[in-house]
Amino acid sequence: MDHECARLLPAVCAVLADPRQPVADDTCLEKLLDWFKTVTEAESSLLLLQENPCLLELLSHVPTLQDVSAGVLSFSLRLAGIFAAQEDCFQYLQVELLPGLFGAAGPLSRAVWAVPTVRSGWIQGLRSLAQHPSALHFLADHGAVDTVFSLQGDASLFVASAAGQLLVHILALSMGGRAEGHTCPQGDDWPTCAQKIVGHIEESLCSTDTSRVTQALNVLTTTFGRCQSPWTEVLWEHSPVLGSSDLGPWEMTAQALSRLGPTQAGPLALGVLKLHLCPQALRTQAFGVLLQPLACVLKATTQAPGLPGLLDGTSEDSVVADALLSSKSSCVGLLCRTLAHLEELQPLPQHPSPWPQVPLLRAVVTILRLCDGSAVPASSVGGCLCGTLAGCVRVQRAALDFLGTLSQGMGPQEQVTQVFAILLEYLERPDSSPMVLKKAFQATLRWLLSSARTPGCSGLGPHAVLFLPELFPVLQKRLCSPCWEVRDSALEFLTQLSRHWGGQADFRHVLLESEVPELTQQLLQDPESYVRASAVTAMGELSSRGLHATPTSPEQPEAQQSLLPEFLHILSADSEGFPRRAVMQVFTEWLRGGHADVARDTERFMATVLQVVSRDLDWEVRAQGLELALVFLGQTLGQPGPHCPYTVTLPKAAPPSPLTEVLGALCRVRLFEFAFRALFDCDRPVAQKSCDLLLFLRDKTAPYGSPWEAGGSPDSASVEAALQRWQAGEQGQPLGDLEPEAMLATLRSIDLEGLRGTLAQGSDHVEKSPQSLLRDMLATVGILQENQADCY
Amino acid sequence: MPEIRVTPLGAGQDVGRSCILVSIAGKNVMLDCGMHMGFSDDRRFPDFSYITQSGRLTDFLDCVIISHFHLDHCGALPYFSEMVGYDGPIYMTHPTQAICPILLEDYRKIAVDKKGEANFFTSQMIKDCMKKVVAVHLHQTVQVDDELEIKAYYAGHVLGAAMFQIKVGSESVVYTGDYNMTPDRHLGAAWIDKCRPNLLITESTYATTIRDSKRCRERDFLKKVHETVERGGKVLIPVFALGRAQELCILLETFWERMNLKVPIYFSTGLTEKANHYYKLFITWTNQKIRKTFVQRNMFEFKHIKAFDRAFADNPGPMVVFATPGMLHAGQSLQIFRKWAGNEKNMVIMPGYCVQGTVGHKILSGQRKLEMEGRQVLEVKMQVEYMSFSAHADAKGIMQLVGQAEPDSVLLVHGEAKKMEFLKQKIEQEFRVNCYMPANGETVVLPTSPSIPGGISLGLLKREMAQGLLPEAKKPRLLHGTLIMKDSNFRLVSSEQALKELGLAEHQLRFTCRVHLHDTRKEQETAMRVYSHLKSILKDHCVQHLPDGSVTVESILIQAAAPSEDPATKVLLVSWTYQDEELGSYLTSLLKKGLPQAPS
């Protein structure tokens with residue numbers, strides 16, 4: 001603990017111990033504990049307490065206070081726990097202080113115990129101190145474990161959950177300590193604490209009170225879920241309730257799978273399938289549980305016999321059918337969960353094999369058809385499902401997500417055609433919700449990309465070639481949607497598609513035949529700024545591929561109107577940040593990719609953009625400006641080295657020009673001035689980025705030595721004067737036309753490393769320091785915080 | 001038992017951030033999804049693991065409702081939807097939908113400034129989150145699904161703030177969010193109809209306060225600003241981009257106009273235009289005065305307030321600057337503050353509360369020597385003023401709202417425990433309803449009695465009519481029938497019809513009782529004696545002696561038997577149907593008294 005903190009601490013403790021001085025900000029105590037945690041990690045707690053007697057005074061005084069605030073009491077409990085985590089400190093405290101806080105005579109027996117914060121503090125305190133065998137004796141001697149048992153059923157979720165966690169922790173501590181070295185404790189050798197906890201769990205499991213059973217199961221789940229220690233095995237084998245003699249864990253799981261209702265069995269089945277070492281029969285059973293609801297759906301809707309279903313040959317599970325038919329919410333819930341579980345399972349390496357791709361695809365397509373009312377039911381169950389699922393957005397969302405995942409496995413020709421057909425239907429439907437449309441776009445993209453990856457297929461693949469001409473009219477329609485969400489999702493989809501396929505002749509042809517490029521360009525004027533930004537990104541992408549407008553004549557495909565002036569206009573005139581940020585991202589991409597509009601006169605482009613950006617009020621636009629500058633530097637000076645945080649991949653630039661020439665160019669585009677100003681930007685991320693850029697520039701120019709050294713010191717005084725003004729937060733006049741040598745000299749005179757160190761700390765690091773916290777706590781004493789609730 | 005369950009994850013006995021889970025008739029709704037400005041790690045967000053531990057979030061929650069755009073009510077939304085993974089619908093009013101992303105971006109900037117991007121949402125996430133939003137109009141009933149519907153009411157407080165009624169069948173909950181029962185300079189007062197919800201969840205920030213009129217605070221504010229610029233000082237007002245800023249702008253604009261002042265007023269964020277644009281767009285949400293004057297002059301088209309350029313801060317002479325962010329966390333407001341702090345002629349006015357860990361908090365707690373970066377010390381000589389312009393209902397307002405809505409129970413959130421306790425008692429006394437104040441993580445369970453519609457068969461009604469009893473509205477009377485549930489419908493029918501419809505056969509239930517008699521004679525003779533005895537007593541009943549030796553009185557059957565162990569005792573088995581329960585009991589008690597001595 002530093003000297004200043006040690007000086008302030010007694011006063012803070014005195015404030016905390018005085019019930020007439022309420023703690024003004026509820027986060028202070030929490031932050032104070034954070035600090036003590038860090039301090040005790042580095043230092044001896046015992047020493048800390050001895051050197052700062054005020055702490056011990058506080059801890060012994062608080063529990064005796066009559067009208068103590070719940071917050072301070074809870075804080076004291078937690079603080080004592082943090083100190084007592086070290087065994088020597090525990091010994092020091094356990095005689096008087098700890099019993100007074102955690103024993104029966106402590107807060108437990110007082111009215112203030114009714115406040116959840118106090119109970120929570122009590123548990124957290126114990127959780128911290130339970131780190132060594134002595135703590136276990138303490139817990140046993142003071143009956144703390146019994147209190148923890150009762151807190152498992154606490155009215156507060158937080159307390160109840162923490163109590164469960166604490167039991168697991170104590171169990172692990174008491175068993176773990178013994179198990180080390182020799183094999184494992186057997187039955188009666190178990191430590192008292194462990195025996196007590198296991199006994200309690202067993203008793204709870206046999207109880208008729210469901211909440212008690214649930215609590216016990218939660219403790220067990222946590223225990224087995226995260227402990228791989230040998231003792232958990234012992235627990236399993238030797239506990240009469242857990243390891244009942246005639247059933248092993250696998251048999252028990254199998255029984256559970258068959259007895260639980262579909263809602264509870266689903267997560268268990270998924271868990272079983274995630275396990276690596278698990279009997280095949282159980283896996284099959286578990287997968288069956290997951291597939292059952294979809295099998296029901298297929299059975300209820302299959303027209304033509306002979307199509308492979310799911311789980312053919314097994315008897316239908318009437319419980320599942322009941323769940324699907326009993327009520328809308330149960331049907332929707334079950335289907336959504338099933339689809340989500342399968343979606344989670346599919347990409348896992350241990351997913352069941354063979355994977356029933358074909359019937360699954362059929363099931364999902366059927367569900368989507370049931371939702372949009374285009375399915376023809378084959379039975380009364382099917383009819384009922386039709387009624388339940390019609391227009392159900394939740395199931396649509398889940399089914400589209402799963403359909404997207406299934407694109408990994410593709411399927412037979414005919415079925416893929418069906419998939420594209422249903423996707424198209426969803427994209428076309430006038431009443432699709434924006435969220436459903438977004439998911440339909442995402443699933444479509446995944447299927448398109450997968451279908452192009454089919455082995456032996458060149459270009460887009462047969463499906464995409466057939467599908468795209470149908471897709472584009474729909475896309476056109478969606479670009480004109482009255483919902484901004486839909487227009488935006490459509491633009492995002494277009495950008496992705498062009499990014500992947502912009503070079504494919506078939507794609508280019510269909511795109512240029514459509515009105516999509518014109519519509520996209522019109523959306524640059526959209527009233528919604530998010531849409532304008534997405535339109536900028538899409539147009540930038542299209543333009544990079546020479547696709548942003550229909551060529552005026554087929555002979556001159558390059559004769560497209562340049563977008564540069566329009567984008568520059570957006571950059572300087574759009575009142576909102578998102579489109580301007582998007583423009584900067586596009587410009588950076590263009591510069592990287594050597595876009596014709598940029599390459600025509602890169603210097604002029606850079607000069608114009610940097611000038612506009614330097615005035616921008618949005619910090620991300622300015623930061624993006626520095627990114628652009630960095631790419632420019634990389635191209636003129638060579639790639640940034642490994643020490644540079646920005647590992648951009650640049651096209652092979654022309655061999656670096658002579659340094660003087662490069663520096664001349666940097667001066668002409670006013671890159672120095674832009675970066676120097678940004679170095680003192682009031683937004684830290686901008687300054688940080690500028691600092692990195694200047695470091696890169698300095699390092700790159702260092703090996704060349706200073707070409708002007710022979711000619712005497714350059715006149716950098718005016719630059720340095722300007723720098724000082726900027727640092728002081730003044731704006732001042734722009735720098736005049738200055739020589740490269742002045743810039744370089746200035747660059748070398750700034751302590752960039754020091755600056756980088758400062759900037760790497762958060763902008764609030766001073767206010768966040770423990771000294772600042774302690775001073776704040778003292779300063780607020782006695783100040784009436786009348787409206788502290790008022791956050792704005 | 002149907003019930004309403006409420007669990008605050010935030011705003012339970014605190015004002016840090018609001019996030020309340022409500023279960024009503026099997027539907028789960030999250031009310032607000034706020035962020036705590038006082039923390040810069042995960043503690044700023046509510047702990048959603050309590051929802052997610054039992055499966056996927058989307059499966060658990062039917063919808064999220066956001067009451068207004070303040071970050072302690074919506075700040076965790078992108079985290080919740082894009083990082084935790086909720087993809088269901090999010091409901092809010094149109095102005096909230098428009099303004100929410102601006103404030104989220106504003107806060108994102110502060111967070112990144114402090115710590116970098118680590119574990120904080122990106123701009124793309126804010127956008128993706130906003131795509132899940134469904135905007136609602138006031139008083140429009142929105143069907144979330146077949147059963148769940150919600151409706152927004154005007155709440156005052158800030159532009160677009162709303163109270164929400166959540167309804168499933170006949171059960172309903174009203175959540176107030178933050179509200180204000182007195183109109184202010186640019187917004188009207190909250191209003192709700194007499195919707196009689198099962199539960200009213202109300203904020204209780206000023207549970208024990210009766211606030212003075214806002215006029216006083218406004219006068220005070222103008223006086224201080226005026227005095228400072230008169231003596232040539234500069235006034236800095238740190239604000240968040242939207243909300244308080246607009247209110248204060250109107251105040252100053254009007255004052256400048258009236259006093260014909262020439263001192264420049266600047267607004268620094270670059271968001272002015274956009275913010276004011278929204279106030280213009282949502283003019284219907286503002287109060288009547290603003291709407292009325294709108295025709296002549298738009299209150300949000302400021303004549304005196306100009307956009308701020310960083311260079312202006314160094315200009316000599318007086319000026320007033322609104323700068324973001326509001327707690328002097330970082331950025332522009334802090335930069336200007338540092339520049340002006342050393343001059344005692346200047347003034348900084350903090351129009352809202354500042355969390356610990358900000359420069360705003362420091363100066364409000366009276367600290368005048370501030371440590372800055374690199375061990376520099378900034379001496380604050382400028383005047384520091386705190387003026388609360390927050391627009392919450394005070395104790396009187398809260399009582400007024402409870403009176404308006406007439407709920408069955410009240411639940412207090414967004415307030416301090418001690419103040420809540422006081423208000424709770426007041427509400428319970430005055431309105432004679434239960435009032436709850438759960439802490440975060442505590443669940444309040446309210447049993448409800450749902451009304452379930454049931455039909456009655458025509459046959460049953462006709463039978464009643466046939467008895468000549470006409471129904472009377474004021475005189476309820478008992479009607480016997482069998483309630484059957486078929487195809488999710490309830491119907492009251494006659495028992496015969498119920499049997500028929502359900503395809504059931506009628507069963508007879510008989511009670512049998514043993515009566516011991518001291519009688520040495522044979523069973524047949526005992527039976528004969530019983531017959532004669534009953535025949536003589538029960539003149540009005542049909543008493544029969546059957547050939548098998550048993551005796552019947554109406555449906556009651558009496559048989560005599562001799563237990564083998566004691567020939568001197570006879571046992572009478574008396575059995576009757578439940579319809580003849582009365583007669584059966586009577587006979588049993590009669591026989592228990594014994595038979596009259598036989599005439600010798």
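**View 1. A salt bridge joins K328(A) to D146(B).** In this predicted model, the closest N and O atoms of K328(A) and D146(B) lie 3.0 Å apart. The pair belongs to a boundary across which 17 salt bridges are counted between chain B and chain A. Residue pairs in polar contact between chain B and chain A, with both partners at pLDDT 80 or more, number 26.

**View 2. Several helices and one strand of chain B contribute to the side that touches chain A.** The elements giving two or more residues to this side are β1 (3-10), α2 (57-60), α3 (71-74), α5 (94-115), α6 (123-130), α9 (272-281), α11 (331-340) and α12 (359-364) of chain B. Helix α5(B) supplies the largest share, nine residues. Sorted by class, the side of chain B that touches chain A holds 30 charged, 29 polar and 24 nonpolar residues.

View 3. In terms of residues, 83 of chain B are in contact with 73 of chain A.

**View 4. Seven strands of chain B form an open, mixed sheet.** The strand order is β7-β8-β9-β10-β11-β20-β21. At the edges are β7 (141-143) and β21 (434-436) of chain B, each of which pairs on one side only. On average, neighbouring strands of the sheet are turned by 20° against each other, direction ignored.

**View 5. Strands β8 and β9 of chain B are an antiparallel pair.** Strand β8 of chain B covers residues 148-154 and strand β9 of chain B covers residues 162-168; seven bridges link the two. Within this pair, Y153(B) stands opposite M163(B) of β9(B).

**View 6. Helix α13 of chain B packs on the sheet.** This helix, residues 395-405, touches β9, β11 (199-203) and β20 (409-413) of chain B. The direction of α13 makes about 160° with that of β11(B).

**View 7. Helix α14 of chain B also packs on the sheet.** Its residues are 417-431, and the strands touched are β20 and β21 of chain B. The angle between the direction of α14 and that of β20(B) is about 165°.

Technical notes:
Residues numbered from 1 in each chain as written. Chains lettered and ligands numbered in written order. Predicted model: local features only at pLDDT ≥ 70, side-chain atom pairs only at ≥ 80, totals over all residues. Heavy atoms only, no water. Contact = heavy atoms within 4.5 Å. Salt bridge = Lys/Arg side-chain N within 4 Å of Asp/Glu carboxyl O. Polar contact = N/O pair within 3.5 Å; in protein donor to acceptor, adjacent residues only side chain to side chain. Helix = DSSP H or I, 4+ residues; strand = E, 2+ residues; numbered from the N terminus. Nonpolar A, V, L, I, M, F, W, Y, C, P; charged D, E, K, R; others polar. Pairing = 2+ DSSP bridges. Axes fitted to C-alpha atoms, helices over the stretch in contact; angles between N-to-C directions.
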